[in-house]
Amino acid sequence: MKHKILIIVNEFQNLINFRLPLIRFLQKKGIGIEIICYSKKNIKKNKHNDLSNIPIHCLKGDSKGTNLLKELYYFIVLFFLVKKLNPSLIMSFTIKPNIYSSIISKIQNRKNIISITGLGSTYIDNSIYNKINLHLFKFFKNPNINYVFQNQDDAEVFRNNNIINEFNNFIIPGSGVDLEIYRKDITFIEKNDLLSFNFLFIGRLIKHKGIDELYKAALKLLSVSKLNIKFTIIGKFDFNDRYSINYELYKNISKNSNFELINFTDQISKYILKSNCVLLTSMREGMPMSLLEASAIGRPVIASNVPGCKEIVIDNFNGFKYRSGDSFDLFKKMEKLVKLPKEKILQFCDNAHSHASDKFSSKIINDKYYKIIKNLL
């Protein structure tokens, strides 16, 4: 009988952004795939492309909902749907599906791969939600679950909370960057006249992404540099997200002529190609795709020295790391980069692409996942 993997994820867009290469890879291996998600957003748009032959079960509910009665109802619906579909293996991504699938795997005795793609804002804030989440993971741990982490620091959190043991967890560095899509192209840098410089930031406009320190560092750089420096920020401001940046900060950035704000794009590579450097100022990450995609295309990167970022950025090789929360240190690293001769920047470009190809390509990541899957099926 053909093996079937059931993928459970909050948002369908998450699959489009991060899981398509893995899904294609597993299908080529003859494994059946079905998907459960909460949000209908982008399903119609994409269903006739890569996922046209895959059953997609879209549940009612809020992927970020916290109403206990509603969540109990949604969990029961999910529980019986999984039982009906009867997969050989569950793979879950993002926090709510990870917790729900761990409960289901224990009760239904199902094999499960839980991917921790970052601990998120609740962990950074050490909120009550984080404590509850870790307790749930601990209470429902069982021999059927294997855990995949994107960096060693996140695995250490689970180890310290007695959730994982030495045999049931793996480090797979990220979701993998597709080198066929994000091909090396340094034409823009080669043709750069050294009189202008474009920084690019990709990420949600929440406080834990370090937007405030980015803006402070940018203002400092603009005040001392004679170059024509521009900053492009791709990320949506969400009034309903409790972690969103201060609205005054958002308005100040919007009004600044040196900044361009873009809510959303499905053509990230187009903006990377027009940049000289990609920034990420997060307080913590899993293994950020923005830095991996930028590196694959061949762009220097500057990022905070935190889990998830520090594995991608190698100081004075493909960019610079700075002390997280220190806007002055960020300013100094940006200033250092814009002052580099073109030959050095081009070397950074080559190094960035090589690093992404050698460590973070989709092929490498998919092979690592498949080894785990093969042992479970």
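Student: Which residues does serine 295 touch, not counting residues up to four places away in sequence?

Tutor: Serine 295 touches Val301, Ile312, Ala352, His353 and Ala356, where contact means heavy atoms within 4.5 Å. This is a predicted model, in which local features need pLDDT of at least 70 and side-chain atom pairs count only at pLDDT 80 or more, while totals for chains, interfaces and linings use all residues. Residues are numbered from 1 along each chain as its sequence is written, and side-chain values use heavy atoms, with hydrogens and water left out.

Student: Why does serine 295 count as buried?

Tutor: Buried means under 20% relative accessible area, exposed over 50%, and partly exposed in between, with a 1.4 Å probe and protein chains only. Serine 295 has 1% relative accessibility, so serine 295 counts as buried. This serine lies in helix H13 (residues 289-297), helices being DSSP runs of H or I with at least four residues, numbered from the N terminus.

Student: What makes lysine 371 count as exposed?

Tutor: Lysine 371, found in helix H16, has 56% relative accessibility and therefore counts as exposed.

Student: What makes the pair of glutamate 71 and lysine 96 a salt bridge?

Tutor: A salt bridge is a side-chain nitrogen of Lys or Arg within 4 Å of a carboxyl oxygen of Asp or Glu, and the side chains of glutamate 71 and lysine 96 meet at 3.1 Å, N to O. Glutamate 71 lies in helix H4 (residues 68-85) and lysine 96 in helix H5 (residues 95-108), so the pair ties together parts that are 25 residues apart in sequence. Both glutamate 71 and lysine 96 are buried.

Student: How do you know that lysine 333 forms a salt bridge with aspartate 329?

Tutor: The closest N and O atoms of lysine 333 and aspartate 329 are 3.5 Å apart, which is to be set against the limit of 4 Å. Both residues lie in helix H14 (residues 327-338), four residues apart, about one turn of the helix. Lysine 333 is buried because its relative accessible area is 18%, and aspartate 329 counts as buried because its relative accessibility is 8%. Arg323, Asp326, Asp329 and Lys333 are linked in a network of salt bridges.

Definitions and conventions. Helices (H or I, at least four residues) and strands (E, at least two) are DSSP runs, numbered from the N terminus.
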